[in-house]
Amino acid sequence: ATSGIYLNASVLKALFDNRGILFMKNWGRRQSVETLIRKKDAYSAIRRAWRLVKQVRRHYPHATVLAEFLYTGVNRGDLRFFWRECVRNNIAPFVETPVISRRYQQNDHLLRFTTEQYVRDIYNLSLLNLSLRYGLDKKQAYAARFWQTPYGSVFPSTCNKLTRAKGLFLERNGDLSICSGAPIKVGNVHDTRIESRLRQSSLLHDTRNIYHKLRGYCRDCKYSKSGLCYGCRGKALTIMNDYFGEDPMCFGVQALKLGEKKLSRFMSPHHIHILKKQFNPV
């Protein structure tokens, strides 16, 4: 997982040679990046990294590359542009709300957004996704009786960092963690006993069986019961202080908080029905 600022060809080749998955953070267009990232020339570095990814990927046609759009109050206007670019370049897109550590909370006013903004933006994105997948125009997508509900706090599908149950996150110093959003250290690659330590890790074992460990509404959600979504573990840990707890930024839960009257201002009655059917009110 990388912001794209620090990336070189040898790292990409090693990752793709070992069937790894590249998660590239996407911060939006130039103005958004320069607001969100204070590092000089960050935008240029990120664009160079994306060009490098496309170049190396030509030799790895089956390599998996996902673009993570970090949805904030700063860059929410770039969301549709980001989605179209990903589809055009055959890159898997999904959206997440950032997990903000305490040392960055002084800038929280820039990142903040309202529940209604979030639900409205993601819903409109779901209509765009219908249009791109099935050739519908906006009115047809809105009126469609079928709709893919954005589950969890990502869309259109949950991040597969844990679902595949085969990977770990490798930090620059060799530390291994469960997930970039929930950086719980489970070892270091320089440890000569790392393999046995990983095999004996109860946390790693529980993570591999995460659908049986969830608590709160994530445990009872129809999507988790069908093995499609486990919510964002980073947000559960950061906000709820419980790695296996409920995801407080789940789209379904946030949408239902608004109530049917507010939802009806921008959401199709058919889609409200599907939403209510798929998610249980908190």
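Mentor: I will take charged pairs, then rings, then backbone angles.

This is a predicted model: local features need pLDDT of at least 70, side-chain atom pairs count only at pLDDT 80 or more, and totals for chains, interfaces and linings use all residues. Residues are numbered from 1 along each chain as its sequence is written, and side-chain values use heavy atoms, with hydrogens and water left out.

Charged pairs come first. Side chains of opposite charge can pair when their charged atoms come close. Here a salt bridge means a side-chain nitrogen of Lys or Arg within 4 Å of a carboxyl oxygen of Asp or Glu. The whole structure holds 15 of them.

Start with Glu68 and Lys25. Their side chains form a salt bridge, at 2.8 Å from N to O. This pair links distant parts of the chain: Glu68 sits in strand β2 and Lys25 in strand β1, 43 residues apart. Helices (H or I, at least four residues) and strands (E, at least two) are DSSP runs, numbered from the N terminus. For burial, buried means under 20% relative accessible area, exposed means over 50%, and partly exposed lies in between (1.4 Å probe, protein chains only). Glu68 has a relative accessible area of 0%, so it is buried. Lys25 is buried because its value is 15%.

Asn26 belongs in this picture. It lies in strand β1, which covers residues 21-26. Its relative accessibility is 12%, so Asn26 counts as buried. What does Asn26 contact, neighbours within four places in sequence aside? The partners are Trp50, Glu68, Phe69, Leu70 and Phe82. Contact means heavy atoms within 4.5 Å.

Next, Asp175 and Lys185. The closest N and O atoms of this salt bridge are 3.4 Å apart. Asp175 lies in strand β5 (residues 175-177) and Lys185 in strand β6 (residues 185-188), so the bridge ties together parts 10 residues apart in sequence.

Helix α4 has a local pair. Glu85 and Arg88 form a salt bridge at 3.0 Å, N to O. Both lie in helix α4, 3 residues apart, about one turn of the helix. Glu85 is partly exposed because its relative accessible area is 27%. Arg88 counts as exposed because its relative accessibility is 59%.

Phe81 is also in helix α4, residues 79-88. It counts as partly exposed because its relative accessibility is 39%. Arg29 lies over the face of Phe81, 4.3 Å from the ring centre. The test is that NZ of Lys or CZ of Arg is within 6 Å of the ring centre and within 35 degrees of the ring normal. Phe81 and Gly28 are 53 residues apart in sequence, yet 8.4 Å apart in space, C-alpha to C-alpha.

Now the rings. A pair of aromatic rings is described by the distance of the centres and the angle of the planes. Rings of Phe, Tyr and Trp (its six-membered ring) pair if their centres lie within 6.5 Å; planes under 30 degrees apart count as stacked, over 60 as edge-to-face, and the rest as tilted. The structure has 14 aromatic pairs. Tyr71 and Phe113 make an edge-to-face pair, 4.8 Å centre to centre with 80° between the planes. It links distant parts of the chain, 42 residues apart: Tyr71 is in the loop between β2 (64-70) and α4, and Phe113 is in the loop between α5 (108-111) and α6 (115-134). Tyr71 counts as buried because its relative accessibility is 0%.

Tyr118 and Phe251 are edge-to-face too, at 6.5 Å between centres and 65° between planes. Tyr118 is in helix α6 and Phe251 in helix α13 (residues 251-258), 133 residues apart. Both Tyr118 and Phe251 are buried. Ring pairs link Tyr71, Phe113, Tyr118 and Phe251 into a cluster.

Last, the backbone. Most residues other than glycine have a negative phi. Arg19 has a positive phi, near 55°. It sits in the loop between α1 (9-17) and β1. Arg19 is exposed because its relative accessible area is 78%. Asn241 also has a positive phi, near 60°. Asn241 follows α12, in the loop between α12 and α13. It is exposed because its relative accessible area is 67%. In helix α12 itself (residues 233-240), Arg233, Gly234, Lys235 and Ala236 are buried.
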